[in-house]
Amino acid sequence: MRHGWVVVLAAFVGCAPSVPEQVRRLNEEGLTLLRQGNAAEAQMRFEEAARLDPDDPVVLYNLANAAHQNGAFARAEQLYRDSLRRRPDFAPCRHGLALLLYQTGRTDEVRTMITDWLRQRPDLADAHAEYGWLLREEGDLPAAQAHLQKALEMDPGCQRALIELGILYETYQYPERARALYERVLRRDPTQPEALARLSALRTRP
């Protein structure tokens, strides 16, 4: 009988999801909650994922993003930086940190971070796209467009470059061109929140 119980117990243990599977599920649940505007609940899912895998840069980025949306700026900054230490070229995370620094008035730090990245990785489309974002924020639209187009020459699917160029086209009063770029992003990533929001706003304009 003891052997039978061992076999049954082993079967139940074998059915338990692995740590990577649990982390993936928690990430998916958290991202769904973020898209629904529930950043507090999302953060709880990402916290649980981070307890299971504290060194995963994607988990750390997701947790940083949720903390950022919840207004926990100091914690979000630490998590963004922790993620980037593990994956320095993680473009969405670098953009999240840049946004946080920009929102809190640390514009000199933003410029230093982005220009250093571009100097270190001139071969990387994401670095040119991020610099394009910075130039657009600073009001240098022609230079921003040049870097965004260079990014797309290097990688036609560069998400940040497509979104930023779409924003430029909106500024230039070319909504159809902007719409095409946002749709291009969404063909690859149907849940990309910024592209979804901008496309929705374009569709509701008179």
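In the predicted model described here, residues P175, A178, R179, Y182, E183, V185 and L186 of helix 11 meet A195, L196, R198, L199, L202 and R203 of helix 12, where contact denotes heavy atoms within 4.5 Å. Helices (H or I, at least four residues) and strands (E, at least two) are DSSP runs, numbered from the N terminus. Two packed helices are described by the angle between their axes and the distance between the axes. Helix 11 (residues 175-188) and helix 12 (residues 193-204) pack at an angle of about 145°, and their axes lie 9 Å apart; axes are lines fitted to C-alpha atoms, for helices over the stretch in contact, and angles run from 0 to 180 degrees between N-to-C directions. The crossing of helix 11 past helix 12 is left-handed, a term applied if the near helix is turned anticlockwise from the far one by less than a right angle, with right-handed used if clockwise.

Because the model is predicted, local features need pLDDT of at least 70 and side-chain atom pairs count only at pLDDT 80 or more, whereas totals for chains, interfaces and linings use all residues. Residues are numbered from 1 along each chain as its sequence is written, and side-chain values use heavy atoms, with hydrogens and water left out.

The secondary structure of the protein comprises 12 helices and 0 strands. Its C-alpha atoms fill a box of roughly 80 × 40 × 30 Å, taken along the principal axes. Of the 206 residues, 43% are buried, where buried means under 20% relative accessible area, exposed over 50%, and partly exposed in between (1.4 Å probe, protein chains only). Among contacts with a separation of 6 or more, 43% are between residues 24 or more positions apart.

The largest nonpolar core contains 61 residues; such a core is a set of buried Ala, Val, Leu, Ile, Met, Phe, Trp, Tyr and Cys residues joined through side-chain atoms within 4.5 Å. The residues with the most contacts inside this core are Y80, V110, I114, A161, L165 and Y182. With residues up to four places away in sequence not counted, V110 touches A98, L101, Y102, W133 and L134. L84, in helix 5, is likewise buried, with a relative accessible area of 9%. Under the same exclusion of residues up to four places away, L84 touches F90, C93, R94 and L97. The C-alpha atom of L84 is separated by 21 Å from that of P193, 109 residues apart along the chain.

Helix 4 (residues 57-69) has 13 residues, which at 1.5 Å a residue should span 18 Å, and its end C-alpha atoms are 18 Å apart, in agreement; the expected span is 1.5 Å times one less than the number of residues. Helix 4 is mostly covered, with 11 of its 13 residues buried. Its buried residues, including L60, Y61, N62 and L63, pack against helix 2 (19-35), helix 3 (39-52), helix 5 (73-86) and helix 6 (91-103). The N-terminal end of helix 4 is capped by D56, a side-chain oxygen of which lies 2.8 Å from the backbone nitrogen of V58. Following helix 4 is G71, with a positive phi near 85°.

In helix 10 (159-171), the 13 residues should span 18 Å at 1.5 Å a residue, and the end C-alpha atoms are 19 Å apart, which agrees. Helix 10 is largely enclosed by the rest of the structure, because 11 of its 13 residues are buried. These buried residues include A161, L165 and L168, and their cover includes helix 6, helix 8 (125-138), helix 9, helix 11 and helix 12. Just after helix 10, Q173 takes a positive phi of about 65° although Q173 is not a glycine. Most residues other than glycine have a negative phi. Q173 is found in the loop between helix 10 and helix 11 and is exposed, with a relative accessible area of 63%.

Helix 9 (residues 141-154) includes Q145, which touches L165, L168 and Y172 when residues up to four places away in sequence are not counted. The side chains of Q145 and Y172 are joined by a polar contact of 3.3 Å; a polar contact is a pair of N or O atoms within 3.5 Å, of which, within protein, one must be able to donate a hydrogen and the other to accept it, and residues adjacent in sequence count only if both atoms are side-chain atoms. H147 also lies in helix 9. Its C-alpha atom is separated by 5.5 Å from that of H128, 19 residues apart along the chain. Again with residues up to four places away not counted, H147 touches L118, H128, Y131, G132 and L135.
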